[in-house]
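Dear colleague,

Please find the structure placed below for your use. My notes on what was found in it follow directly after.

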Amino acid sequence: MLPVRGDDLVVKKMAQLIRAGAKLTSYTCPACGTPLLQLKTGEYYCAKCDKPVIIVRSEEEEIQVTMRFGLSEVRDTIFQKIMMINNELKKTTVENVEGLQELTRSLLLLLEAFERINKLMSELQTQEEAKKRK
Ligand SMILES: [Zn+2]
């Protein structure tokens with residue numbers, strides 16, 4: 001691979017930082033793929049982007065973080081639907097038996113899903129805390 005102009009500068013900068021005590025790591029920058037340096041401060045740094053990079057410690061941790069974010073998004077959606085059904089319920093008269101039943105059934109399902117997600121999320125949190133204590 002031929003070095004592109006600009007890359008020379010990056011290499012020079014990296015060499016300078018290494019001379020100053022930074023370490024070359026096996027991690028690469030998620031934005032540009034340049035190998036990351038670990039500075040004396042412990043911070044990871046991309047010389048090309050000129051930015052510090054946060055390293056997620058392990059793949060497992062990354063999956064857990066992604067899962068937690070995903071689950072909380074699902075929980076938000078379910079909560080919104082619960083509120084929407086609540087609004088519909090308010091508008092539905094007792095004479096509309098079928099409508100009431102349908103709404104109540106949906107509400108029950110949503111509440112069940114909501115409860116399960118909460119349980120899953122707290123399980124994930126317990127797992128993470130247990131790992132940190134090790
Ligand atoms: Zn970069």
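A residue is called buried here if 20 or more other C-beta atoms lie within 10 Å of its own, exposed if 12 or fewer do, and partly exposed in between, with C-beta atoms placed from the backbone. Please note that this is a predicted model, in which local features need pLDDT of at least 70 and side-chain atom pairs count only at pLDDT 80 or more, while totals for chains, interfaces and linings use all residues. Residues are numbered from 1 along each chain as its sequence is written.

Overall form

The protein chain contains 3 helices and 4 strands, and from the N terminus on their order is α-β-β-β-β-α-α. Its radius of gyration is 25 Å, well over the 14 Å that the globule rule gives for 134 residues, so the chain is more spread out than a compact globule. The radius is taken over C-alpha atoms, and the globule rule is 2.2 Å times the number of residues to the power 0.38. Helices (H or I, at least four residues) and strands (E, at least two) are DSSP runs, numbered from the N terminus. Along the principal axes, the C-alpha atoms fill a box of roughly 80 × 40 × 25 Å. Of the 134 residues, 7% count as buried.

The domain assignment gives domain 1 (7–53) and domain 2 (59–133); such bounds come from an automatic or database domain assignment. The centres of the two domains, taken over C-alpha atoms, are separated by 43 Å.

The strands

Strand 1 (residues 23–28) pairs with strand 2 (residues 35–38) in the antiparallel sense over 3 bridges; two strands pair if DSSP finds at least two bridges between them. Thr 28 stands opposite Pro 35 in strand 2. The hairpin of strand 1 and strand 2 has 6 residues between the strands, and Gly 33 takes a positive phi near 85° there.

Strand 2 also pairs with strand 3 (residues 44–46), in the antiparallel sense and over 2 bridges. Here Leu 37 stands opposite Tyr 45 in strand 3. This second hairpin, of strand 2 and strand 3, has 5 residues between the strands, with Gly 42 at a positive phi near 95°.

The nonpolar core and Leu 36

The largest nonpolar core has 7 residues: Met 14, Ala 22, Leu 36, Leu 37, Tyr 45, Cys 46 and Ala 47. The elements that give two or more residues to this core are strand 2 and strand 3. A nonpolar core is a set of buried Ala, Val, Leu, Ile, Met, Phe, Trp, Tyr and Cys residues joined through C-beta atoms within 7 Å.

Leu 36 lies in strand 2 and counts as buried because it has 25 C-beta neighbours inside 10 Å. Leu 36 and Lys 48 are 12 residues apart in sequence and 9.3 Å apart in space, C-alpha to C-alpha.

Helix 2

Val 74 lies in helix 2 (residues 59–91). With 15 C-beta neighbours inside 10 Å, Val 74 counts as partly exposed. The C-alpha atoms of Val 74 and Phe 114, 40 residues apart along the chain, are separated by 8.7 Å.

With kind regards
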